[in-house]
Amino acid sequence: MARKSVRKKKTAKKKSAKRRPAKKPGRKKAAKKKSGRKKAAKRRPAKKSVRKKAAKKNAGKKRVARAPVQHADAEDQAKQQRQISVSEFFAKNSHLLGFDNPSKALLTTVKEGVDNSLDACEEAGILPDIGVEIEQLEESRFRIAIQDNGPGIVRAQVPKIFGRLLYGSKFHRLRQSRGQQGIGISAAGMYGLLTTGRPVRITTRTGRNKDAHRFQLIIDTQKNEPRVSVDRVVKWPIHHGTRVEIELKANYRGGQHSVDSYIRQISLANPHAKITYTPPDSSEKIDFPRVSKELPPPTQEVKPHPYGVELGVLMQMLRDTKARNVKTCLSGDFARVSARTAEEICKLADVSPTRRPREARRSEAEKLHKAIQKTKIMNPSADCIAPIGETLILRALKAEVEADFYASVTRRPAVYRGNPFLIEVGLAYGGDMGIEAPISLFRYANRVPLQYQQGACAITKAAIATDWRSYQLQQPRGALPVGPALVMVHMASVWVPFTSESKEAIAHYPEIVKEIRLGLQECGRRVATHIRKGRRAADEAKKRAYIEQYIPQVALGLEHILGLNEKQRNKIVKNLSGVLEKSRKL
Ligand SMILES: Nc1ncnc2c1ncn2[C@@H]1O[C@H](COP(=O)(O)OP(=O)(O)O)[C@@H](O)[C@H]1O
Ligand SMILES: [Mg+2]
């Protein structure tokens, strides 16, 4: 079949060559191509002859018997079977963590460091003051340093945090933070080790009266354990904070996916942070000043909401609970389940409320699981989410872009799979933003900009699905609108459903897409009013200018017709101008 189709293509090419007599130089080229094809055609059968020759050559020789294939039985296979270390896995699959190319590796490393600094500062109630330095050592070798004024890290924890994957403080809790999995900064260090062989360098201090510690360490990928080469006390002028330095193979590029763009976007969504950035091509620091001295509201840790829980998780919870009976387990370990609601669930499931949770059978757990879905339970509370807020979004947008019009919307919290979340939208319109280009769409999850996989993200899906034409913007079919606008969308949640470990796009949960669309529509309506008003004013000015132009001629005409003097003519000019002005104001 394949061959047939190749042949067909060839004849097609010949036909088209016949149809279009090429120009002279073109003909030459075509001739070359043809001859090339002929050569190739000659070469192919030559292969067969080579094979024949080789067969003749070998005919005289003795055929060497192939070694019998050694099949591995269960015992042999058992010898090969062993635990895979998580760091070994991610070292092989570093693309899963956002290290699939050198420029992305640079961005991911900066991002992981800055995320941690912001998280640590906010948890400690400190206004973040973060320094990002990128130094180019060779063509494709860089040293990145991220320094913060956070609470610092306790000495004993440093090796585990930086020398072990899946080690962190945020995975086991339901609370809004930038990091989740406990693989961010350690993965960046591991990538640095893989590509340059250099260890991660950490300097940290937890208070004015405490020593500053300097560490140099690597991850032993086979064991997923740290190997420390330097651990000493150093002098450090910073009273509290952490500095992480990683050397890695990378590439520094401008554009939408660049570190420069990331720093600009992160400062936009974190107006309480001061960021000082030193790019590799300049020794000068770029300051992104603090726009607000308000820290984001402290978020509460929440228990899982029963609506989102899977059967397996429920069974595990019943096994691990400290509660004495099923009723207190349900009301104590879940959010929004009162003693009465717990009783209701038990009744519906036909499971005794006094049953010991650990003794509950699988069938009972299943009945409880079904009963939970049928019972009316309050939505999760919103105090676990920290929105940026409409005022701060406006202030940040104004600091970022010069536009004619700004709008912002913070929606009420909603729920997907039992997880509370909230959508915010900011919009800047006009100014010197490009008229012909698609709008700039800035996507954020828990205040972290998402720069890759725009097409795969729920935010993009919602933005494309919104009918921007009814909001006075042009929009090609199935694409983002075109016009001088910057739109930022922020999703804040205790658990952001990323489409992959590298945290680049938000999954398309219908509840999330719907909330984003409603936020965009709200901003769309406001910008439409502004655009219409502007158009009306422009139309009116045009009309007025046109009429104004002919007022002296009208007065002259009247002077002739009615035999007026100059004074009367001037009065007519004045009156007509006055009437025009009045009608504009009406
Ligand atoms: N700059 C920092 N200051 C204080 N603590 C930090 C800092 N960086 C990392 N940590 C701690 O190290 C843990 C692991 O970080 P990381 O590997 O990035 O995973 P994650 O951020 O997903 O938890 C964090 O959970 C936090 O407790
Ligand atoms: Mg992190």
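Which element gives the most to the shell around ligand 1? The views below, all taken from a predicted model, begin with this shell.

**View 1. The residues surrounding ligand 1.** Ligand 1 is surrounded by 20 residues. Asn116, Ala120, Gly168, Gly179 and Gly184 are the closest of these. By class, the shell comprises twelve polar, five nonpolar and three charged residues.

**View 2. Helices contributing to the shell around ligand 1.** At least two residues of the shell come from each of α5 (102-123) and α7 (184-196). The element that gives the most is α5, which supplies four residues.

**View 3. Burial of strand β14.** Strand β14 spans residues 485-493 and is mostly covered, with nine of its nine residues buried. Ala485, Val487, Val489, Met491 and Ser493 point one way from the strand, whereas Leu486, Met488, His490 and Ala492 point the other way. In β14, the residues pointing either way are all buried.

**View 4. Antiparallel pairing of β11 with β14.** Strand β11 (residues 419-429) runs antiparallel to β14, and nine bridges join the two. Within this pairing, Leu427 has Val487 of β14 as its bridge partner. Val487 is among the buried residues that point the same way as Ala485.

**View 5. Parallel pairing of β12 with β14.** Six bridges connect β14 with strand β12 (residues 440-445), and the two strands pair in the parallel sense. His490 in β14 stands opposite Tyr444. The buried residue His490 points the other way from Val487.

Technical notes:
Residues are numbered from 1 along each chain as its sequence is written. Chains are lettered from A and ligands numbered from 1 in the order in which they are written. This is a predicted model: local features need pLDDT of at least 70, side-chain atom pairs count only at pLDDT 80 or more; totals for chains, interfaces and linings use all residues. A residue is near a molecule or strand if its C-beta atom, placed from the backbone, lies within 6 Å of it. Ala, Val, Leu, Ile, Met, Phe, Trp, Tyr, Cys and Pro count as nonpolar, Asp, Glu, Lys and Arg as charged, and the others, Gly among them, as polar. A residue is buried if 20 or more other C-beta atoms lie within 10 Å of its own, exposed if 12 or fewer, and partly exposed in between; C-beta atoms are placed from the backbone. Two strands pair if DSSP finds at least two bridges between them.
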